[in-house]
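Please open the model in your viewer and keep the selection tool handy.

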Amino acid sequence: MKMFPTLKKRAARIVRLLAKLYPDAKCALNHDNPLQLLIATILSAQCTDVRVNIVTPALFARYPNARAFAEADRGELETAIQSTGFFRNKARNIIACCQQIQEKHGGEVPNTMEDLVQLPGVGRKTANVVLGNAFDVPGITVDTHVLRLSHRMGLTKQRDAYKVEQDLMRLIPKKEWTMFSHRMIFHGRQVCFARKPNCPGCLLAEVCPKIGVKK
């Protein structure tokens with residue numbers, strides 16, 4: 001591994017290499033507006049983005065706005081999203097979330113972290129996805145890929161997603177936060193696999209300590 005005088009400089013090198021590898025990385029959830037992205041992100045919990053993208057076209061045609069979701073019959077909504085898993089809990093959260101959007105935000109998805117995390121079913125991960133991709137507000141999304149890769153690359157020693165997010169925010173320039181998240185997710189899906197990462201074929205090998213990787 002190439003040695004760097006500070007962790008921040010090594011992080012900067014990682015940011016540059018990821019940008020070179022994935023210049024066109026973007027949110028994998030198909031959406032046309034903030035509400036669609038919010039709903040898709042809620043559905044993506046414990047589910048693949050591919051499956052969510054299969055479900056959402058018909059879902060968004062049936063429920064075109066927050067009011068429609070807020071007034072949805074829960075049984076019908078559960079049936080529509082059943083293939084995404086945990087559909088009862090997701091349906092309950094989606095209806096409650098959109099009811100609050102209607103009552104407190106005039107039917108529009110709020111654009112601040114403070115307001116988003118007050119919505120049922122919305123934590124910091126979901127909020128950062130919405131902020132970064134719907135409102136161009138920089139945010140680091142700590143999903144399973146970002147959590148795993150951040151440990152392997154030695155960018156954090158924390159296990160709690162919030163603490164990992166705070167560590168990364170200190171290391172990564174704010175303007176890079178959203179794209180850094182996308183690129184880490186792409187790298188986790190294509191190279192740095194959970195069980196058997198492709199270290200020999202990884203262009204980040206020179207800066208990665210491979211923490212926790214079995215030799």
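Select Phe-180 to begin: at 2% relative accessibility it counts as buried, where buried means under 20% relative accessible area, exposed means over 50%, and partly exposed is in between, using a 1.4 Å probe and protein chains only. You are looking at a predicted model, so local features need pLDDT of at least 70 and side-chain atom pairs count only at pLDDT 80 or more, while totals for chains, interfaces and linings use all residues. Residues are numbered from 1 along each chain as its sequence is written, and side-chain values use heavy atoms, with hydrogens and water left out.

**Stop 1: around Phe-180**

Show the side chains that Phe-180 touches: Val-15, Leu-18, Leu-155, Leu-168 and Ile-172, not counting residues up to four places away in sequence. Contact here means heavy atoms within 4.5 Å. For a sense of scale, draw a C-alpha to C-alpha distance from Phe-180 to His-105: these two are 75 residues apart in sequence and 30 Å apart in space.

**Stop 2: helix 11**

Phe-180 sits in helix 11, which runs over 177-190. Helices (H or I, at least four residues) and strands (E, at least two) are DSSP runs, numbered from the N terminus. Is helix 11 enclosed or open? Of its 14 residues, 10 are buried, so helix 11 is largely enclosed by the rest of the structure. Among those buried residues are Trp-177, His-182, Arg-183, Met-184 and His-187. Now display what covers them, including helix 1 (7-21), helix 8, helix 9 (144-152) and helix 10 (161-171). The end C-alpha atoms of helix 11 are 20 Å apart, which agrees with the 20 Å that its 14 residues should span at 1.5 Å a residue; the expected span is 1.5 Å times one less than the number of residues.

**Stop 3: helix 1 and Leu-21**

Select helix 1 next. Its buried residues are Arg-10, Ala-11, Ile-14, Val-15, Leu-17 and Leu-18, and their cover includes helix 10 and helix 11.

Then click on Leu-21, which lies in helix 1. Leu-21 is partly exposed, with a relative accessible area of 28%. Which residues does Leu-21 touch, not counting residues up to four places away in sequence? They are His-187, Leu-203 and Leu-204. Leu-21 and His-187 are 166 residues apart in sequence, yet their C-alpha atoms are 8.6 Å apart in space.

**Stop 4: helix 3**

Move on to helix 3 (49-62). Look at Thr-56, where helix 3 bends by about 40°, with the proline Pro-57 following within four residues. The bend at a residue is the angle between axes fitted to the seven residues ending there and the seven starting there. The buried residues of helix 3 are Asp-49, Val-52, Asn-53, Val-55, Thr-56, Leu-59 and Phe-60. Helix 2, helix 4, helix 5 and helix 11 are included in what covers them.

**Stop 5: the cores**

A nonpolar core is a set of buried Ala, Val, Leu, Ile, Met, Phe, Trp, Tyr and Cys residues joined through side-chain atoms within 4.5 Å. The largest one has 38 residues, and those with the most contacts inside it are Leu-38, Ile-39, Leu-59, Phe-69, Leu-77 and Ile-81. Elements giving two or more residues to this core include helix 2 (34-43), helix 6 (87-105) and helix 8 (124-134). A second, separate core of 27 residues includes Val-15, Val-142, Leu-171 and Val-191.

Centre on Leu-38 and show its contacts beyond four places in sequence: Cys-97, Ile-101, Val-109, Leu-119, Val-122, Thr-126 and Val-130.

**Stop 6: Glu-78**

Glu-78 is found in helix 5. Is Glu-78 buried or exposed? With a relative accessible area of 13%, Glu-78 is buried. Leaving aside neighbours within four places in sequence, Glu-78 is in contact with Phe-87, Arg-88 and Ala-91.

**Last stop: the whole chain**

Zoom out to see 11 helices and zero strands. Buried residues make up 48% of the 215 residues in the chain. The C-alpha atoms fill a box of roughly 55 × 30 × 30 Å, taken along the principal axes.
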